[in-house]
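Subject: Structure handover

Hello,

Here is the structure we discussed. Please open it first, then read the notes below.

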Amino acid sequence: AWSAIEVDVTGMVEWRSASKDSFESEHGVRLTYLPITLSVVAEALKTNPRLNSSWIDGNIVLKNAINVGLAVAAEEGLVVPVVRGANEASLVELAGKLSGVVDRARSGSMTLDDVQGGTFTLNNTGSLGSVWGGAIINHPQAAILTTEAIVKRPVVISENGADSVVVRSMMNICLSFDHRIVDGAEASAFLQSLKSGLEAITLTSDLK
């Protein structure tokens, strides 16, 4: 099955814009939106464990480790290197891990260990300009999430009983899930966890 919601990522966009130069200077790694999103995804998987499971021989097998595969477009085709222990890593560590696995994927120098043990897959189709999509689940995982392009759009904001139209940075997040493992309510709870986590990021957030 498939579900999608839109997320207001204005705060995340502002935080990255204000932080990227100092982050890259201090840590020697680029700050993209992907490690920020991955951090929120890993946290949401902790509180929604059905999304971090597999359907094996008619049984739901919950996974203790949160190892997130990242779909990467390489010259030889789509590859999915895995970031292990994503829930235990800091933002700096995630940025470093992502830089390493993506570079190896695109240079064709991945090892077998790089692509094994994934428990969930994140596909950043937004980097290719996509705004809406339904990805194919990486069997036997329970689900795959796509983060779509961040687009500025007019949005109605309600404050103090009054509505106003403002320009915000909006992003669609789309979830494909195995309905044998996850029902609609669980999928929606996971998406709402992601929405809350992403929208909680503001210009003054202390992300580590």
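Predicted model: local features only at pLDDT ≥ 70, side-chain atom pairs only at ≥ 80, totals over all residues.

**Pockets**

Which elements line the largest pocket with at least two residues each? They are α1 (10-27), α2 (33-47), β5 (72-74), α3 (91-107) and β8 (120-123). The largest pocket has a volume of about 740 Å³. Its lining counts 32 residues, and T32, L34, R106, N124 and S127 are the closest to the centre. Helix α3 gives the most to this lining, with six residues. By class, the lining of the largest pocket holds 18 nonpolar, nine polar and five charged residues.

The second largest pocket contains about 170 Å³ of space. It is lined by 14 residues, of which S39, V40, A42, E43 and A44 are the closest to its centre. Two helices, α2 and α4 (184-199), each supply at least two residues of this lining. Helix α2 has the largest share, seven residues. The classes here are six nonpolar, five polar and three charged.

So much for the open space. Next, the packing.

**Nonpolar core**

The largest nonpolar core has 51 residues. Those that touch the most other members are L38, V68, F120, L145, L175 and L194. Which element gives the most to this core? Helix α2 does, with eight residues. Helix α2 also supplies lining residues to the largest pocket and to the second largest pocket.

L194 is worth a look in the viewer. Leaving out residues up to four places away in sequence, L194 touches V40, V41, A44, L145 and I173. Of these contacts, V40 and A44 were also listed among the residues closest to the centre of the second largest pocket. L145 was also listed among the core residues that touch the most other members.

Strands β2 (residues 53-56) and β3 (residues 59-62) pair in the antiparallel sense, over four bridges. I56 stands opposite N59 in β3. The bridge partner of S54 in β3 is V61.

D57 sits in the loop between β2 and β3. The phi of D57 is positive, near 50°, and the residue is not a glycine. Is D57 buried or exposed? The cut-off for exposed is over 50% relative accessible area. D57 has 74% relative accessibility, so it counts as exposed.

**Backbone points to check**

Most residues other than glycine have a negative phi, and most peptide bonds are trans.

N160 is not a glycine, yet has a positive phi of about 55°. N160 lies in the loop between β10 (151-159) and β11 (162-177). With a relative accessible area of 83%, N160 is exposed.

The peptide bond between H139 and P140 is cis, with omega at about 10°. P140 is in the loop between β8 and β9 (143-147).

**Two exposed residues**

V167 belongs to strand β11. V167 has a relative accessible area of 61%, so it is exposed. What does V167 touch, not counting residues up to four places away in sequence? The contacts are K152, R153 and P154. V167 and P154 are 13 residues apart along the chain, and their C-alpha atoms are separated by 4.4 Å.

E88 is in the loop between β7 (82-83) and α3. Its relative accessibility is 67%, so E88 counts as exposed.

**Where to start**

I would open the largest pocket, with its volume of about 740 Å³. Then turn to L194 and its contacts, V40 and A44 among them. After that, go to the cis bond between H139 and P140. Finish with the positive phi values, at D57 and at N160.

Best regards

Technical notes:
Residues numbered from 1 in each chain as written. Heavy atoms only, no water. 1 Å grid on protein atoms, 1.4 Å probe; cavity = no way out; pocket = protein on both sides within 12 Å on 5 of 7 lines; lining within 4 Å. Points joined across faces, edges and corners; volume = space filled by probe spheres on them. Nonpolar A, V, L, I, M, F, W, Y, C, P; charged D, E, K, R; others polar. Pairing = 2+ DSSP bridges. Core = buried A, V, L, I, M, F, W, Y, C linked by side-chain atoms within 4.5 Å. Buried < 20%, exposed > 50% of the residue type's maximum accessible area, 1.4 Å probe, protein only. Contact = heavy atoms within 4.5 Å.
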